[in-house]
Amino acid sequence: QGEGGVLGVVLTAFDPVRCFEEIFRVDPSRRSSSLASLDGLRVLSIMWVMLGHAISNLATVGFTNPEAALAPRGVTTTLLPGQLFFSARLAVDTFLAIAGFLVTKGVLGKLSSVARSGRPVPTWRTWLPAFYANRILRLIPLYAACLLAWWHILPRLRSGPFWFGFEGFVDKCDRYWWSNFLFVNNFVPKDGAEVDGCFYWSWYLALDMQFAVVVAPPLLVAFLRSPRLGRGLCLGLLGASVCAGLAYSLETGISANSFDGLWVTRYSKHFYTKPWFRVPPYLMGMYAAMLREGQGTDDLPCASIGKALLPGGRFFSPRLALLASLVLMGWATLGPVSAYQRLPCPYDKETLGPTHLPCGSGWPVWERACFNALGPVVWVLGVGMLVGLCLVKKAGPIGRFLEHPAWVPLARLSYGAYLVHPMVLNYLVLSMAVPVRIDLLSFCSFYTSVCGLTVLFTTLAVILVESPFGFLTKVVLERASELVSSAPPKAPASQGLGNLAATLGQAAVDEGRPLVGSV
């Protein structure tokens, strides 16, 4: 109503100047925010994902000098940069933990704000539909636009002898596109790996939505009834998932090490994209938010010991905590270096060709199982400790680096970058005329080009699609919440609803949106 009505709102939403300013506006006070470090963490994580994708995509067209990449003296056998390529999967766990933390923080924070204002706190029947609606409406537009570009536009830009690879991508979308919009593409096709579906890297979106729809609401409702119950259920599900992953890995022998041939193929199909095995980082993020937003910690197990070790406790040492964080992250990242000292096995075999030469990691089953189940947990624990130190401004130079305002615009582009960068990579790689010669300088040049083009095309996508539809979604939900609040109340819990429906969903999506691709 007023000032142009619907047409005015639409023109404002699609105003490119407004969209550009929304992306690149930096509030000087942002650095003082307790969660400013998450901006740097998001950007570095998506860059890590792009690094892993870059080397794996180049491998699809082959190397003219494979000895520079493989054992016994290739780059993959090195601690750095070799392990940075293979450990990029850990960035997925970082994003899952961030999503769980921010969704929980957003919902609990808004409900606490309503309670402090003296208004009746709405029941889950009131806020949960708005949470779902906002989440879906904010994710779908850019997701759909990128999927259609991948399916119908990019294949028409034919170039190079390797371009036939796109035929397989198009065929998968012809058959399975519907699974993406139902957020079940991590199950379709049945027994498929993470690269077997339409828009193959979007399996993470399915995981994130499944956790938000199935896992988060019951735990949040339980926490609102009893903080102790909510945290207990969260830890119980975490332990059950870790034990299930350990048992399944011991039974099947699957491996997360990329050189383990048949065992890593089975890991990709039956473990990597399945929610019951991938939920621990998300639960750890939720648990951290529950501790931060909860009403005291006296009911926690070993509460007195925990308080002594936390910031402000008598045994708390920022330097030791930072060292422990770096050790945990270092072990998860660099620890598997011994798994890459031999040639890779073919993805359908356990040995190397007809000669049956040893290949792969050489790890025993129990070692592979422990790394499958505990590696992500150890990594997220280290990242969580680092973020916790940043929250209390005790992370030193690392904290100041992660909290720098320069990360803010790039963090706003991270969801779009997750969707766009594999399209850039596949276009560049499949357009090549010959296999590539791998060396550090040429790879750095290629990776820099991928990052630059991703930022460029992501900015355009956000200006043309994500920002306008996000603005419209916010306006529509705010208007809907105003209509609800002005209607005669049917129950005390609905009184004073105001903009709660919009703000709850907005907080959950803006702060906890998916930010990562597959590795």
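Is Cys173 buried or exposed? In this predicted model, the relative accessibility of Cys173 comes out at 0%, so this cysteine counts as buried. The cut-off for that label is a relative accessible area under 20%.

Cys173 also has a bonding partner. Together with Cys198 it makes up a disulfide, with 2.2 Å between the two sulfur atoms. As for handedness, the S-S torsion of Cys173 and Cys198 is about 90°, so this disulfide is right-handed. The bond joins distant parts of the chain, 25 residues apart: Cys173 sits in helix H7, which covers residues 165–181, while Cys198 belongs to the loop between H7 and helix H8 (203–225). Cys198 is tucked away too, and it counts as buried because its relative accessible area is 2%.

That bond is one of two disulfides in the structure. The other pairs Cys345 with Cys359, and here the sulfur atoms lie 2.0 Å apart. The link of Cys345 and Cys359 is right-handed, with 105° about its S-S bond. Both Cys345 and Cys359 lie in the loop between helix H14 (318–334) and helix H15 (365–391), so this pair ties together parts that are 14 residues apart in sequence. Cys345 and Cys359 are both buried. Counting bonded cysteines along the chain, the pattern of the disulfides reads 1-2, 3-4.

Two further cysteines are worth a look. Cys146 has a relative accessible area of 5%, so it is buried. Cys390 comes in at 1% relative accessibility and therefore counts as buried.

Now for the helices. Two packed helices are described by the angle between their axes and by the distance between those axes. Helix H3 (residues 37–59) packs with helix H18 (residues 414–430) at an angle of about 20°, and their axes are 10 Å apart. That angle makes H3 roughly parallel to H18, since angles under 35 degrees count that way. The crossing in which H3 passes H18 is right-handed.

Which residues in H3 meet residues in H18? On the H3 side they are Ile46, Val49, Met50, His53, Ala54, Asn57 and Leu58. Facing them in H18 are Ser414, Ala417, Tyr418, His421, Leu425, Asn426 and Val429. Sorted by kind, the residues in the contact of H3 with H18 come to nine nonpolar and five polar, with no charged ones.

Terms used:
Residues are numbered from 1 along each chain as its sequence is written. This is a predicted model: local features need pLDDT of at least 70, side-chain atom pairs count only at pLDDT 80 or more; totals for chains, interfaces and linings use all residues. Side-chain values use heavy atoms; hydrogens and water are left out. A disulfide is a pair of cysteine sulfur atoms within 2.5 Å. Helices (H or I, at least four residues) and strands (E, at least two) are DSSP runs, numbered from the N terminus. Buried means under 20% relative accessible area, exposed over 50%, partly exposed in between (1.4 Å probe, protein chains only). Axes are lines fitted to C-alpha atoms, for helices over the stretch in contact, and angles run from 0 to 180 degrees between N-to-C directions. Angles under 35 degrees count as roughly parallel, over 145 as roughly antiparallel, 65 to 115 as roughly perpendicular and the rest as oblique. A crossing is left-handed if the near helix is turned anticlockwise from the far one by less than a right angle, and right-handed if clockwise. Contact means heavy atoms within 4.5 Å. Ala, Val, Leu, Ile, Met, Phe, Trp, Tyr, Cys and Pro count as nonpolar, Asp, Glu, Lys and Arg as charged, and the others, Gly among them, as polar.
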